[in-house]
Amino acid sequence: MNGAELLVRCLENEEVDTIFGIPGEENLVFLEALRTSSIRLILTRHEQAAGFMAATYGRLTGRPGVCFSTLGPGATNFVTAVSYALLGGMPVLFITGQKPIKKSKQGRFQVLDVVRMMGPLTKFTKQIVTAGSIPTLVRDTFRIATAEKPGPVHLELPEDIAAEETDNLPLSLTRLYPPHAHPAAIAIAAGLIRQARHPLFLFGAEAKRPDVYLAARELIARTGIYFFTTQMGKGIIDEHSPYSLGTAALSDHDYLHCAIDRADVIINVGHDVVEKPPFFMNQRDVQVVHVNYSSAGIDEVYFPQHEVIGDIGNSLAQLSRFVYADRGQHGGAGVMGAPPSQEVLVGGGTGTTKLSCPGDDYFQRIHQEIKIHVYGAQGHDRFPDTPQRIVKDIHDTVAGNSIISLDNGMYKIWFARNFKATQPESLLLDNALASMGAGLPVAIAAKLLYPGRQVVAVCGDGGFMMNSQEIETAIRLKLHLVVIVLCDNGYGMIKWKQGGMHLTDFGLDFLNPDFVQYAQSYGANGYRVSRAGELAELLSECLQQPGLHLIEVPVDYSQNEEVFIQELRDKTCLL
Ligand SMILES: Cc1ncc(C[n+]2csc(CCOP(=O)(O)OP(=O)(O)O)c2C)c(N)n1
Ligand SMILES: [Mg+2]
């Protein structure tokens, strides 16, 4: 067999069932090997989209997603998706073609040093120089991509190596078992929790592993300790839990931060500094315990005083046992000993609410305040819709196990904050590279993986246009998808920041195509919301009918200022 055939055999051996990409002439031997394989080819309209899709495969399955492109321009188009996988901790193998390395008749046409380009962006990058080395390279790249923290790896397959004959065969698979944390580290963490008056758990992106969220759910249920999540940790435990304080969509000053400011020990499970900070550590007297597969990156806003490094699922199971045993002795589950008769004052821009908080239920009170001011926020019943109303209408219309894929823009903060996730995949968002353009490709990959679940992409009019061509891919694949495009005719998030800096409104407005006609030109269905309340009706219909549906939703972003600036500034937490 030739090198390309062996590469495909090795991918099959790694249980790869899908590959995303766009071939160039340098990939034709590889494409031919794919044609006769068990691997499904998903041809996309931009390599960046193929990369986002493969990363989503990796993110959702824990096994590397795979994508491929040609040399030069195809490889450079991958760069954003490689970076997305790197910061987001998603296992992906990127394969790029290359001119023959032994002799080439095309000089340096399209030739870039792609291996070097991938260096700072991947966990491993290499040019394949003999066909016989393919089995070890594939095994090694899959091992590296999957090892915590997962990420992207890259192999370059030159044309002549693809054609080179070899009789080597794939290697057998091995499974990685991360080492367990040192018992002394567990004991110290348990001691800190035991002594804490107001412990809080934080769950981040790397806690999204099946064994971790099972252990996390048990730990919270057994101990009754309150928790919150980072944006990417959302849904690890159902946010309807009585112990959930929601998601840190902002880094400071939200209702949740009243609880964070009150906490004396915060146990950060699976969080690292790549995500926008869920809170700022300052020199305040809070103990932060970092529970993760690897040691914390120390930063001005993150310098945990204690670390529990090792398999997170095991660490949580052990902590659960320690803490439960201790709490059993000291009165069992409930909120830990706050001083009696504390007063809590939390309120919104619509007026403050003064609550008398008997005993130790400060966190319970914050839970109530979040229920009222965050999840209960309806926005105004007017047209165009407010972000709160859009989140609520989508939340209340989709099925409990649906998947919402977000692009990047202002609405991401609203969704992260106001949408109650029930499952780890409920809200797929990127708070690491936070690149625009991922919303639709991610939704396509999610639908391919979970054909039985409702999948909705929510994009801004800016982000959607960065990969809108993938509508064709979705149509070709006959996917039932709903794409919601929030229209403010501008880069709303940056406008908000510009306003926050008291700068003049400049340079951020654009014109849009008619999205209804745009969708129809692809053979999709297009709709436009033109009155308050219509989004929920349209969405409900679109979720019933097969095919690709695009709903254009004008959005009124005046609430950014009203809530995130005025309401949160006016609220007070008395500690
Ligand atoms: C690829 C990329 N370019 C630029 C940015 C910076 N950026 C972040 S949000 C944003 C505006 C997004 O606009 P839109 O998609 O219309 O969403 P809106 O905020 O208007 O709802 C920009 C330009 C980014 N995150 N990613
Ligand atoms: Mg916009």
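Visitor: Which strands does helix α11 lie across?
Guide: Helix α11, residues 255-262, lies across β7 (199-203), β8 (227-229) and β9, and its direction is at about 120° to that of β9. Helices (H or I, at least four residues) and strands (E, at least two) are DSSP runs, numbered from the N terminus. Axes are lines fitted to C-alpha atoms, for helices over the stretch in contact, with angles from 0 to 180 degrees between N-to-C directions, and residues are in contact if their C-beta atoms, placed from the backbone, lie within 7 Å.

Visitor: Is it experimental or predicted?
Guide: This is a predicted model, in which local features need pLDDT of at least 70 and side-chain atom pairs count only at pLDDT 80 or more, while totals for chains, interfaces and linings use all residues. Residues are numbered from 1 along each chain as its sequence is written, with chains lettered from A and ligands numbered from 1 in the order in which they are written.

Visitor: Back to the strands: what's the order in the sheet?
Guide: The open sheet has six strands in the order β9-β8-β7-β10-β11-β12, with parallel pairing, where two strands pair if DSSP finds at least two bridges between them. At the edges are β9 (244-247) and β12 (306-309), each of which pairs on one side only. From one strand to the next, the twist averages 15°.

Visitor: And how many bridges join β10 to β11?
Guide: Five bridges link β10 (residues 265-269) with β11 (residues 287-292), and these strands run parallel; V269, for instance, stands opposite V291 in β11.

Visitor: Switching topic, how does α3 cross α16?
Guide: The axes of α3 (residues 47-61) and α16 (residues 439-449) come within 8 Å and cross at roughly 45°. That makes α3 oblique to α16, because angles under 35 degrees count as roughly parallel, over 145 as roughly antiparallel, 65 to 115 as roughly perpendicular and the rest as oblique.

Visitor: Which residues of the two helices meet there?
Guide: From α3 there are A49, F52, M53, T56, Y57 and L60, which meet P441, V442, I444, A445, A446 and L449 of α16.

Visitor: What about α3 and α5, at what angle do they cross?
Guide: Their axes also come within 8 Å, with α5 covering residues 79-88, and the crossing is at roughly 20°, which means that α3 is roughly parallel to α5. On the α3 side the contact involves Q48, G51, F52, A55, G58 and R59, and on the α5 side T80, A81, V82, Y84, A85 and G88.
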